[in-house]
Amino acid sequence: MSTQHIDKPTPLFLSYVVRLFMRLALFGVGVWLFLTQPALLDITTQFGPASGLSFVNVVFAFLLLDLISKLRPNAKIAMGSRKQYGEFHVPTPRMFPGGLSDLREHASELLEQALNDTRKAVRETAEGILAAGRQLAYTIDVLRLLSWPDEDLTADDLLKEDIRKHRLHEIVPVIVFWVVFNVAVGLLLERFGLFSPQTALLWLLFYFVFDMVCVVLWCPLQLVLMRNRCCTTCQIFNWDGIMTVTPLLAVGCLFSWILIALALIVLVRWELAFARHPERFDERTNASLQCANCSDKLCYLRRPLAPRKR
């Protein structure tokens, strides 16, 4: 699968740039407070209605909105996050015995069926629309509008197993690295007496910023451990929530419990979607993830990697 690059930033990419600067601002304020008024970063005392518009409450609101967006299929976020939902799964020729010709023919049939189900008022123009529709039946925008039967969106068992195997090669190194790295940092902070609720919040804010750095500028997990093509095909795109709140695992308070619980819901939903429908997560079986069909173009500042051979 070849990769393409775009010379003009998309609205979605620009929105992620804005989020990056907003998170940088939050982190900057957090660092300043940590150095001047660390008590204002105490998530065990500064969280809740009684604290008013405290910095801790502002951070909580940002994190809450970010996590909730990952639970809404129509949120204005990247396809890399929304690919878990069936409505964004468009089958590829790989999923049809006859390849591209079968897909085109079946798409035309579905288009005809959809037009035949429209109201009587438009039936006079149905034939003209259908004639044009047949010519457009394999464009991604038309394919996304069709209502695909479940059997068209199910890959064979061998292909599913290959998708699962490939995904394991991507995510296992990340899991090992993340656990080892965070345990090491936590023990180091504890060893020097630096770990506190304030430190945990600052640590979280750093991850919150770096999450957006990974999307917009540079992702070491992609380059070193996963080698996936881009954010759209990333198998851990919705892991960012649980990864961001990792420092909170060592701080028992309401602030931590709410965010960790919500991040776990996002993670479990993502993993259950993959367990049930791995074909939604792979560009070989979901045309929405293919570079040629991508409208997100989050790779504006960092070109996509050449995909691994399978």
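**The whole protein.** Begin with everything displayed, and keep in mind that the model is predicted. Of the 310 residues, 49% are buried. Switch to a surface view: the protein exposes about 16,100 Å², and carbon and sulfur atoms supply 64% of that area. Among contacts with a separation of 6 or more, 76% join residues 24 or more positions apart.

**Residue T10.** Next, select T10, which is found in the segment before α1 (11-36). Is T10 buried or exposed? T10 counts as buried because its relative accessibility is 8%, and the cut-off for buried is under 20%. Leaving aside residues up to four places away in sequence, T10 touches S295, D296 and K297.

**Helix α4.** Now select residues 100-116, which form helix α4. At 1.5 Å a residue, its 17 residues should span 24 Å; the end C-alpha atoms are 24 Å apart, and therefore the two values agree. Colour L103, H106, A107, S108, L110, L111 and L115 to see buried residues of α4.

**The largest pocket.** Select F210, D211, C214, C219 and L221, which lie nearest the centre of the largest pocket among its 35 lining residues. This pocket has a volume of about 590 Å³. The elements giving two or more residues to its lining are α1, α2 (55-69), α7 (157-191), α8 (197-216), α9 (220-226) and α10 (240-244). Which of these gives the largest share? That element is α8, with seven residues. By class, the lining has 23 nonpolar, five polar and seven charged residues.

**The second largest pocket.** Move on to R19, M22, R23, F62, L65, D66, S69, R72, A75, K76, I77 and F208, which line the second largest pocket. Its volume is about 240 Å³. Both α1 and α2 supply at least two lining residues, and α2 gives the most, with four. The lining comprises six nonpolar, one polar and five charged residues.

Finally, turn to the cavities: the structure holds three of 30 Å³ or more. For the second largest cavity, select R229, C230, T232, C294 and C299, which lie nearest its centre among eleven lining residues. The volume of this cavity is about 80 Å³. Its lining divides into seven nonpolar, two polar and two charged residues.

Notes
Residues are numbered from 1 along each chain as its sequence is written. This is a predicted model: local features need pLDDT of at least 70, side-chain atom pairs count only at pLDDT 80 or more; totals for chains, interfaces and linings use all residues. Side-chain values use heavy atoms; hydrogens and water are left out. Buried means under 20% relative accessible area, exposed over 50%, partly exposed in between (1.4 Å probe, protein chains only). Contact means heavy atoms within 4.5 Å. On a 1 Å grid over the protein atoms alone, a cavity is a set of points where a 1.4 Å probe fits but cannot get out, and a pocket is an open set with protein on both sides within 12 Å along at least five of seven lines; lining residues have an atom within 4 Å of a point. Grid points are joined across faces, edges and corners, and a volume is the space filled by probe spheres set on the points. Ala, Val, Leu, Ile, Met, Phe, Trp, Tyr, Cys and Pro count as nonpolar, Asp, Glu, Lys and Arg as charged, and the others, Gly among them, as polar. Accessible areas come from the Shrake-Rupley method with a 1.4 Å probe; for residues, only the protein chains shown count as cover. The expected span of a helix is 1.5 Å times one less than its number of residues.
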